[in-house]
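Thanks for coming. Please have the model open.

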Amino acid sequence: MEPQVLYRVCYGSATPTSFQKSLLGIRPAVLHRHCRHRVLGRDYPAIIPSPSDSVRGTYVHGLTDGDIFRLDIFEGNEYERRKVTIRILEVEGDEDGKGNLEGGEVEVDTYIWIAGEDELEEGEWDFGEFRREKMQRWIASSDQYNDVDEAVEARGGDPTGGRGANGNITGQLNREEEKKVMGSAV
């Protein structure tokens, strides 16, 4: 997932505070034996098993239960969160993977498409095209995130009891950090 989209889903903004950014580690990675297609009539991709293909993406660590709750809502019922093994990329090659230097393996959760391959376009989903032409509508404030925001609100706020990135504990920590910054600026 593009980090700005991840931030928008988890933190409500594509440009989170430096403290919020520090909570997540994001590294390039590759998922072997899977491929990524564009969903028919949509901007977003679907990952499905494929024995001879690989998908380059990101390894994200530091997600809270609240973050995963929001991601599950965002991905919806067309996807299922499953355990897979990825390889961290120590060196990122080109878009085709030439020049990639793979490091260690890590078991992670990812979202696998389960809504049927008949809903997918032929060929690989183009991440570069998404970033250039479509990402802005995914990271700007928009109605498409209302489902996530409303589900969190319906559950009485943050399901982590205030410990998640959008919870009252994190808000208090952010306010304390701002006080320190402002105090040192004077």
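I start with Asp109 and Lys83, whose side chains meet in a salt bridge at 3.1 Å, N to O. The two residues come from distant parts of the chain, with Asp109 in strand β4 (residues 101-113) and Lys83 in strand β3, 26 residues apart. By salt bridge I mean a side-chain nitrogen of Lys or Arg within 4 Å of a carboxyl oxygen of Asp or Glu. Helices (H or I, at least four residues) and strands (E, at least two) are DSSP runs, numbered from the N terminus.

Before going on, the ground rules. This is a predicted model, where local features need pLDDT of at least 70 and side-chain atom pairs count only at pLDDT 80 or more, while totals for chains, interfaces and linings use all residues. Residues are numbered from 1 along each chain as its sequence is written, and side-chain values use heavy atoms, with hydrogens and water left out.

Back to the pair. Lys83 is exposed, with a relative accessible area of 55%, and Asp109 is partly exposed at 35%. The cut-offs are under 20% relative accessible area for buried, over 50% for exposed, and partly exposed in between, with a 1.4 Å probe and protein chains only. Asp109 and Lys83 also belong to a network of salt bridges that includes Asp72 and Arg81.

How many salt bridges does a search of the whole structure find? The count is 11. One of them joins the side chains of Arg27 and Glu90 at 3.5 Å, N to O. Arg27 sits in strand β1 (residues 25-38) and Glu90 in strand β3 (residues 79-91), so this pair ties together parts that are 63 residues apart in sequence. Both ends are partly exposed: Arg27 has a relative accessible area of 33%, and Glu90 has 47%.

Arg82 and Glu80 form another salt bridge through their side chains, at 2.6 Å, N to O. Here Arg82 is partly exposed at 31% relative accessibility, and Glu80 is partly exposed at 36%.

Asp94, Glu95, Asp96, Asp126 and Glu133 form a negative surface patch. Patch residues have over 30% relative accessible area and no salt bridge, and like charges are joined within 9 Å. Asp96 is in the loop between β3 and β4, and Asp96 is exposed, with a relative accessible area of 66%.

Gly97 has its place in that loop between β3 and β4 as well. At 25% relative accessibility, Gly97 is partly exposed. Its C-alpha lies 9.2 Å from the C-alpha of Val55, although Gly97 and Val55 are 42 residues apart in sequence.

Now the cysteines. How many disulfides does a search of the whole structure find? The result is zero, with a disulfide taken as a pair of cysteine sulfur atoms within 2.5 Å. Are Cys10 and Cys35 buried or exposed? Cys10 is buried at 0% relative accessibility, and Cys35 is buried at 7%.

Last, the layout. The protein chain has six helices and four strands. From the N terminus on, the order is α-α-β-β-α-β-β-α-α-α. Of the 186 residues in the protein chain, 36% are buried.

That is all from me.

How values were computed
Patches are made of residues with over 30% relative accessible area and no salt bridge: like charges are joined within 9 Å, nonpolar side chains (Val, Leu, Ile, Met, Phe, Trp, Tyr) within 5 Å. Accessible areas come from the Shrake-Rupley method with a 1.4 Å probe; for residues, only the protein chains shown count as cover. Lys and Arg count as positive and Asp and Glu as negative; His and the chain ends are not counted. The place of a charge is taken as NZ of Lys, CZ of Arg, CG of Asp or CD of Glu.
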